[in-house]
Amino acid sequence: MASEQSGAEDEPPSLLWGLDPVFSAYARLYIKDILQIRESRQVPGIYFYKNHPLFQVDVLGTVVYKREREDFYCYGVDDSTGVINCLCWKDEKWRDQGDSVKGKGHGGVFNVEEQLRKLCEAQRSRCMLEIGDLLQVRGSLKTSREQREIMASSFYKVSDPVMDVQIARMLDMPQLYRDCYNKPFQVPCAELEAGTTDAGGASNIQSMLGQSVRILKEFLKVKEVPKFRPYDEATSVGPSFPTQVKNLLKETLKLLQREGEIFRKVLSPDELYHVTEQDKDLLAAIRDVIQEDSKREKYAEKGCHILHVLSSVRQRYSRNLSREALEVALKFLECNSDIISTTDSHYTVL
Amino acid sequence: MLPSPAVFHFLWEINTHLVEDGASVRTFAHLHHLGLFGRLRLTSYLPEESKAILTSHHASMQHQVSVQTTFVEPFDPIVGAQYVTLGEIDKAEGCSEAILRARVLNCVDGVDVALLQKAINEQRNFFKERDNEAGAQ
């Protein structure tokens, strides 16, 4: 099975994972596959089906095992290809309800307490399942003590009296695999290649670059990445990733640097990028400079000029800091109400 | 400890070599006859065996399987209705008929049997294709 050939298949570099739509989706795989897919060598907690990175799955199956604890249920789910444990947290809201809210029925009048109680009951019954019930789970995949489990982010009992739901799913899955999961994750470098050869080449590359910048920015934001290297493992960028892709990555990083979204704190052979908005040390340094200097008589009224802040932070934190990166950081701090801008280029704290 | 996955099988496959002794299966059929000797009568102290018989028609033959319902009692039997059941097969030596020890027994009366069969075959073909591809590599 492909899962055993982990050495032979190169993992795409983690920086490009956001380009694969499967990465952001709850993958509908057979439980058999979920149990067998391999874990990433670059980032633990991410798994690979063929060369699609994923960490969230969606399963539908019969409950064949149940264990209840105070805080959660553990349901063993069987979809006829495999069985997996799903950890389903109990909702605090309906845990303490019990008999405390029992409204007296005011015949005919809408009784809020009564309706609330019924709502809680309905919610609770959708989450409390018995062996034989059909369960739909969406959650993140985890490996704990060498056992694969799903940490449910949402789960509920499915009413399926004539098996319509299960039948539909059984018919859909093979097609889903053919259309999506079994097709390899391909960074659109082929288009990039075509783009350089014809007249419309320049604009193609521009739009490709624009897209790639957007995707990378979002990935760094969503995953809250504070710093990174373009290729965390030299071996992960194997021969399967052509130069076009590496060039695209290089251009993307150049552009993001120019915009100030990322920066290199130290110019050394080690290509380490800091993500401006996530660099807590940088933000603290800027805040401290403005806070301290705003107290001085010289800056008390108007605040600190951006160039002053720039030279102070360069002394304290990084000689390499660009004005663009500082501007991104200042904007971020202002959005968080840590600092205030008094003019277009002056900043202070209250 | 989690049980083994219960693979879908058609009723007529259960008594053949396709299903081994001890295998976990799920299947669907009509509830033909129910013998709950201990429950309906006032002889609750007798350790009577709870048994249901499921039947299905295929290729103009009637097939049946005995289902031991100990784990799924009490349940409301509707004789003649369609059920789906999930459990382990017991093919004792010398017995012509296999027994299914049911862990799950759900009434699904009204199920579109033809569509269910089609779905099971689709799934089987998909896995067969995939195994062939993997084997060829």
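1. Arg145(A) is exposed, with a relative accessible area of 80%. This is a predicted model. Arg145(A) lies in the loop between strand 7 (134-144) and strand 8 (147-158) of chain A. Its phi is positive, about 55°, although Arg145(A) is not a glycine. Most residues other than glycine have a negative phi.

2. Glu146(A) is in the loop between strand 7 and strand 8 of chain A. Here too phi is positive in a residue other than glycine, with a value near 65°. Is Glu146(A) buried or exposed? Glu146(A) counts as exposed, because its relative accessibility is 80% and the cut-off for exposed is over 50%.

3. Now the two chains. The contact takes 29 residues from chain A and 31 residues from chain B. The size of an interface is often given as the accessible area lost when the parts come together. Between chain B and chain A, the buried area is about 2,600 Å². Carbon and sulfur atoms give 64% of that area.

4. Helix 5 (residues 164-181) of chain A meets helix 3 (residues 113-136) of chain B at an angle of about 30°. Their axes are 8 Å apart. Angles under 35 degrees count as roughly parallel, so helix 5 of chain A and helix 3 of chain B are roughly parallel to each other. The crossing of helix 5 of chain A with helix 3 of chain B is left-handed.

5. Which residues of helix 5 of chain A make this contact? Ile167(A), Met170(A), Leu171(A), Pro174(A), Tyr177(A) and Arg178(A) do. On helix 3 of chain B, the contact residues include Leu116(B), Ala119(B), Ile120(B), Gln123(B), Phe126(B) and Arg130(B). The residues of this helix contact divide into ten nonpolar, one polar and five charged.

6. Met170(A) deserves a separate look. Met170(A) sits in helix 5 of chain A. Met170(A) counts as buried because its relative accessibility is 7%, and buried means under 20%. Leaving aside neighbours within four places in sequence, Met170(A) is in contact with Phe8(B), Leu116(B), Ala119(B), Ile120(B) and Gln123(B).

7. How far apart are the C-alpha atoms of Met170(A) and Asp79(A)? They are separated by 9.6 Å. Along the chain, Met170(A) and Asp79(A) are 91 residues apart.

Definitions and conventions: Residues numbered from 1 in each chain as written. Chains lettered and ligands numbered in written order. Predicted model: local features only at pLDDT ≥ 70, side-chain atom pairs only at ≥ 80, totals over all residues. Heavy atoms only, no water. Helix = DSSP H or I, 4+ residues; strand = E, 2+ residues; numbered from the N terminus. Buried < 20%, exposed > 50% of the residue type's maximum accessible area, 1.4 Å probe, protein only. Axes fitted to C-alpha atoms, helices over the stretch in contact; angles between N-to-C directions. Parallel < 35°, antiparallel > 145°, perpendicular 65-115°, else oblique. Left-handed = near helix turned anticlockwise from the far one by under 90°. Contact = heavy atoms within 4.5 Å. Nonpolar A, V, L, I, M, F, W, Y, C, P; charged D, E, K, R; others polar. Buried area = accessible area lost by both parts, 1.4 Å probe.
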